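Please keep the structure open while reading.

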Protein chains: 2
Amino acid sequence: MRIDQLESPAAVVDLDRLSANINRLQLYLDEHKLANRPHIKTHKIPEIAHMQVDAGAVGITCQKLGEAEVMARSGIKDIFLPYNLLGAAKLERLMHLARRVRISVTGDSDVTVRGYAAAAKVAGLTLPVLVEFDTGLGRCGVQTPQEAADLARLIARSTHLHFGGLMTYPSNEQTDGFAAETRRLLAVDGIPVETVSAGGSPALWQAHTHAEVTEHRAGTYVYGDRSLINSGIMGQEEVAFHVIATVVSRPTSERAVLDAGSKALSSDGARGASGYGLILEYPDAQIEKLNEEHGWVDLSACARKPEIGERVTLIVNHCCVANNLFNEIVGHRQGEVEVVWPVAARGLLQ
Amino acid sequence: MRIDQLESPAAVVDLDRLSANINRLQLYLDEHKLANRPHIKTHKIPEIAHMQVDAGAVGITCQKLGEAEVMARSGIKDIFLPYNLLGAAKLERLMHLARRVRISVTGDSDVTVRGYAAAAKVAGLTLPVLVEFDTGLGRCGVQTPQEAADLARLIARSTHLHFGGLMTYPSNEQTDGFAAETRRLLAVDGIPVETVSAGGSPALWQAHTHAEVTEHRAGTYVYGDRSLINSGIMGQEEVAFHVIATVVSRPTSERAVLDAGSKALSSDGARGASGYGLILEYPDAQIEKLNEEHGWVDLSACARKPEIGERVTLIVNHCCVANNLFNEIVGHRQGEVEVVWPVAARGLLQ
């Protein structure tokens, strides 16, 4: 079966490009002696996670416990959760996982760390915990090296926890300074900082410029999207993920309507671009607005215009959220369908 | 089990409010002798669709063939698809459905109508087709009463199609004029306009002011969200749909981070409001930014501030897209869990 025969909207992944993207990152990180721990929130598909591990990743990153449970069930052995996990139910699930695979977690507060310590004690396990630090994003994370060192000491003092190092997102010009200062503060107590885990796809090829960083977490690179193209991380011809849509209406000479809306593409914008996706066959068309199942396309800048019933191929603004809207992703090689993957880890509990 | 015990993020529906919302709309439309054909894209849950039909709806509206297939399998007997369905595969599925339930569809072009005619002929069925018209939204739909009448004549002339009337979204001040003029043009040929179906929740309580309209399609009213509150359609105390989230980080005195991001709430904005949701317990807090699994909350306007681990209750900007991001919706009465519904019709084929 060819992808031309799939009903639209369909989310398709070019398997050759997928492999090439996986290998390109692995080679780059290997060359720079950085551990690769790809973030599976982009695809949520066990087989792709295994492709990443088989290529040389030390393990994977999951954003939710539900994702980690799916990945562990699929045979992935080393999972990092860069997220504060709170509450008895989640901590119990975490301990169940920790009995079966190597799982490491993150904390940025005493509350989170004490929760891990209590749960690990009951379970009789030793849980590796990394301290999240914030170097300007302004999301989670301790704000100063002193806070990071204090929290690291709390972890190191906890019988059932192991201080696994530091974690941040994204890598930036403050990352090294913050990590080095924390390392210096902890050296006094003889507490080593084993790992400094940083991440992000938008600054992927600068990962090696951060001397303190030992591990990189990237997600989006595996598929690619408009944001990554506009960040200069990859070319249009390297993007593996596309949404196939159909022109369902041409109500005026300047307008087309697609059967892909915010429930196929999401309302996320793209770095450095307007509109809701790039139409490969009509690059001058502008997807100017989305409703849930309609994409509004302004054709006024197009010399040639699509007909009703014509199929088009979109590069989405943000592949991680688009992938998350489909039940199934179709893998193909040069247009020939090879596999249909359920998006196994989507829509699950945090 | 209480909803307080659910792991976050969780999407919950207050069943008493849900029933009240269903009944309030039905009473209003009954009073004004308008047929009620609620749009199930909001919830995608068969049991809620049955509640709507049991309350007096003439049938339901689905936006996708995949939704209609789920609803037909659940025993719903009358389904309207206000969408141009194109291509052999979809038309075959449509005919399969049309053998089992009363299904009516929409066209705004010759291409779409000829597709319906050919498929219905092969299937030996008569398919009701409504003509979509555009009175200012600028999405799909024929642009003039003359175009509407021409397309209606094409439908009426097709042996295996039945001209079912006119369809638009949303109802506005041009709706009546457009419908009346089309009716006048068709009267010459003795073609009656049986139904004028209009829709939308944002102008719900003005549905009766459109003299030509015979049927109303509303979706969002069943749950409610920030957009409907800000449109004056319902009060905060009538909203049935909430997302429960947990404060996972308090990195600074002015900031909290929630475990609900764009994969729980979507990036959709709300009519007349900034931010990504209303926190009931902290109405002065501003959800200023979302990442996939993080909600960034600015607490600077809050006198009282939440602790790490505290659970909060959100009214979302747009309930239809938020509902679509969860695998399951939890129905409760005064906080006591009564049912867990799979979102059966989500993520499916168009």
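1. The copies meet through the same surface, because 100% of the interface residues of chain A are also interface residues in chain B. In the contact, 50 residues of chain A touch 50 residues of chain B, where contact means that the C-beta atoms of two residues, placed from the backbone, lie within 7 Å. This is a predicted model, in which local features need pLDDT of at least 70, side-chain atom pairs count only at pLDDT 80 or more, and totals for chains, interfaces and linings use all residues. Residues are numbered from 1 along each chain as its sequence is written, while chains are lettered from A and ligands numbered from 1 in the order in which they are written.

2. On the side of chain A that touches chain B, at least two residues each come from α4 (88–98), β10 (241–252), α9 (262–265) and α10 (319–323) of chain A. Helices (H or I, at least four residues) and strands (E, at least two) are DSSP runs, numbered from the N terminus. β10(A) gives the most to this side, 6 residues. By class, the side has 17 nonpolar, 20 polar and 13 charged residues. Here Ala, Val, Leu, Ile, Met, Phe, Trp, Tyr, Cys and Pro count as nonpolar, Asp, Glu, Lys and Arg as charged, and the others, Gly among them, as polar.

3. How is chain A superposed on chain B? A rotation of 180° with 0.0 Å of shift along its axis does this, with RMSD 0.0 Å. The two copies are therefore related as by a two-fold rotation axis. The superposition is by least squares on the C-alpha atoms of residues with pLDDT of at least 70 in both copies. S267(A) is the residue of chain A that comes closest to the axis, its C-alpha lying at 2.8 Å.

4. Chain A is assigned domain 1 (3–8 + 227–342) and domain 2 (17–222), with bounds from an automatic or database domain assignment. Their centres, taken over C-alpha atoms, are 33 Å apart. Domain 1 of chain A brings 11 residues to the contact and domain 2 of chain A brings 16. α10(A) supplies the largest share of the domain 1 side, 3 residues.

5. Chain B has an open sheet of 8 strands with parallel pairing, in the order β2-β9-β8-β7-β6-β5-β4-β3. Two strands pair if DSSP finds at least two bridges between them. β2 (35–36) and β3 (60–61) of chain B stand at the edges with a single partner strand each, so one side of each has no neighbour in the sheet. β8 (195–199) and β9 (215–217) of chain B pair over 3 bridges, and R217(B) in β9(B) is the bridge partner of G199(B).

6. Two residues of chain A other than glycine have a positive phi: K33(A), at about 55°, and K44(A), near 60°. Which of them is buried and which is exposed? K33(A), in the loop between α1 (15–31) and β2 (35–36) of chain A, is exposed, with 8 other C-beta atoms within 10 Å. K44(A), in the loop between β2 and α2 (46–54) of chain A, is buried, with 27. A residue is buried if 20 or more other C-beta atoms lie within 10 Å of its own, exposed if 12 or fewer, and partly exposed in between, with C-beta atoms placed from the backbone.
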